[in-house]
Amino acid sequence: SFDRTHWGTAGASVRLSEIFMLRGGLRVGSGSATSPVRTGFEWGPNDPTVGQDAVVGIPLRAGPVLNGATLPPFIGLDVGASATWDRQIAGRTAVVSAFLSASNVLRRVNALTVRTDASGAPELIPLRTLALNAGVRIQY
């Protein structure tokens, strides 16, 4: 249910200085057959601070026809920035990197899969429309 038949990806990065880099990526997918899942599968926001996973529930029952639906096209544009420094820590050189990235900056609603509601009508289960990631990495 979660695989795409056709994928296209493109990416580019620009080093603005010895320290700073900007990057972007475009992902496009289509032709994905899917088996609608029945009730019991829910998609919720991921919040690890309260112990929530991104996907809640297990789709144990597929709909009436395997691969009986096709997901709409997937389009995602991701951007990011990073900075990297060499620093001396305890007499050794460490590489310190900080990054910030945003996934799906177009805020397009892309589908994870399809489920059937109580009446049997298909309902898209959407992916998160915007995700931000930030962090620091130290290689020592």
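Me: Which residues does serine 97 touch, not counting residues up to four places away in sequence?
Reply: Serine 97 touches Ala83, Thr84, Gly135, Val136 and Arg137, where a contact means heavy atoms within 4.5 Å. Keep in mind that this is a predicted model, where local features need pLDDT of at least 70, side-chain atom pairs count only at pLDDT 80 or more, and totals for chains, interfaces and linings use all residues. Residues are numbered from 1 along each chain as its sequence is written, and side-chain values use heavy atoms, with hydrogens and water left out.

Me: Is serine 97 buried or exposed?
Reply: Buried, at 9% relative accessibility. Buried means under 20% relative accessible area, exposed over 50%, and partly exposed in between (1.4 Å probe, protein chains only).

Me: What does the side chain of serine 97 make a polar contact with?
Reply: The side chain of threonine 84, at 3.4 Å. A polar contact is a pair of N or O atoms within 3.5 Å; within protein, one must be able to donate a hydrogen and the other to accept it, and residues adjacent in sequence count only if both atoms are side-chain atoms.

Me: Switching topic, how many salt bridges are there?
Reply: One, taking a side-chain nitrogen of Lys or Arg within 4 Å of a carboxyl oxygen of Asp or Glu. Aspartate 78 pairs with arginine 27, with the closest N and O atoms 3.3 Å apart.

Me: Which parts does that pair tie together?
Reply: Aspartate 78 is in strand β7 (residues 74-89) and arginine 27 in strand β2 (residues 20-30), so the pair links parts 51 residues apart in sequence. Strands (E, at least two residues) are DSSP runs, numbered from the N terminus.

Notes:
Helices (H or I, at least four residues) and strands (E, at least two) are DSSP runs, numbered from the N terminus.
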